Amino acid sequence: MATFRLQGSKVLAVTMTGDAVKAKNGSMVAYDGQMAFKKMSGGGEGLRGMVTRRLTGEQMEVMEVRGQGTCWFADRASEINLVRLQGDKLWVEASNLLCADAGLRTGTTFTGMRGGATGNGLFTTTVEGTGQAALLSDGPAVVLRVTPQYPLSVDPGAYVAHQGDLRQHFQSGVTFRTLLGEGGGEAFQIRFEGDGLVYVQPSERNTIGGDV
């Protein structure tokens, strides 16, 4: 299995010994040794995955990197966050997934109205299995714990990923900006209930689901 390590907070070094990783297309910034790069249609899931992504609007341009040596990845100076999966599943916006062990399965899943609010479609990317994944965030990501006693509401523009036994639904409400008179229209949040982790970034994407 490939070895992931961060060099600083914005560059990911992946050492391979004949194995492979899936990475965001165009994210390689340097490598040593012998490496082969192959673009993967539809995130590497074959025709079915490619058609599904086109229908759902979940865009994921992926390349497979295989070889002997070290490859360095980065994306527009974004912060990189490592997540280790132990047979579980990670839900992540496609634009926030930088790299994953090739043995991890990627797919799409329905997320309801949340995707429509973020402008990323009604589906999101899933990563499942045992191995490591690297997530991108605009600023250092914060990992927030959700328990049955303490549900969590998240701004759709700040959401990066989540894992664990969590249920999510879309809700309307108010934000501090609305209370201060700096926003107009209806505000929306994603509410998480159950037991798991939610990754958020200290910056907001532009959304189309209201002033959030």
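View 1. Cys99 is buried, with a relative accessible area of 1%. Buried means under 20% relative accessible area, exposed over 50%, and partly exposed in between (1.4 Å probe, protein chains only). Cys71 is also buried, at 0%. This is a predicted model, in which local features need pLDDT of at least 70 and side-chain atom pairs count only at pLDDT 80 or more, while totals for chains, interfaces and linings use all residues. Residues are numbered from 1 along each chain as its sequence is written, and side-chain values use heavy atoms, with hydrogens and water left out. A disulfide is a pair of cysteine sulfur atoms within 2.5 Å. The structure holds 0 disulfides.

**View 2. The nonpolar core that includes Cys99.** A nonpolar core is a set of buried Ala, Val, Leu, Ile, Met, Phe, Trp, Tyr and Cys residues joined through side-chain atoms within 4.5 Å. The largest one has 17 residues. Leu12, Val14, Val21, Phe73 and Cys99 have the most contacts inside it. Two or more residues each come from E2, E4, strand E6 (97–101) and E8. Helices (H or I, at least four residues) and strands (E, at least two) are DSSP runs, numbered from the N terminus. E2 supplies the largest share of this core, 5 residues.

**View 3. The surroundings of Leu12.** Which residues does Leu12 touch, leaving aside its neighbours within four places in sequence? Among them are Phe4, Arg5 and Leu6. Leu12 also contacts Cys71, Trp72 and Phe73. Ile80, Leu82, Leu98, Cys99 and Ala134 are on the list as well. Contact means heavy atoms within 4.5 Å.

**View 4. The loop between E4 and E5.** Arg76 lies in the loop between strand E4 (62–73) and strand E5 (79–92). Arg76 has a positive phi of about 55°, although it is not a glycine. Most residues other than glycine have a negative phi. Arg76 is exposed, with a relative accessible area of 81%. Ala77 is in the loop between E4 and E5. Ala77 has a positive phi too, of about 60°, and is not a glycine.

**View 5. Asp75 and Lys24.** The side chains of Asp75 and Lys24 meet in a salt bridge (3.4 Å, N to O). The pair links distant parts of the chain, 51 residues apart. Asp75 sits in the loop between E4 and E5, and Lys24 in strand E2 (residues 11–24). A salt bridge is a side-chain nitrogen of Lys or Arg within 4 Å of a carboxyl oxygen of Asp or Glu. Lys24 is partly exposed, at 21%. Not counting residues up to four places away in sequence, Asp75 touches Lys24, Leu98 and Leu136.

**View 6. Lys89 and Glu128.** Lys89 forms a salt bridge with Glu128, and their closest N and O atoms are 4.0 Å apart. Lys89 is in strand E5 and Glu128 in strand E8 (residues 123–137), 39 residues apart. Lys89 counts as partly exposed, at 29% relative accessibility. Glu128 is partly exposed as well, at 27%.

View 7. In the salt bridge between Arg145 and Asp195, the closest N and O atoms are 2.6 Å apart. Arg145 lies in strand E9 (residues 142–146) and Asp195 in strand E12 (residues 187–200), so the pair ties together parts 50 residues apart in sequence. Asp195 is partly exposed, with a relative accessible area of 34%. Elsewhere, salt bridges that share partners join Lys89, Arg105 and Glu128 into one network. A search of the whole structure finds 7 salt bridges.
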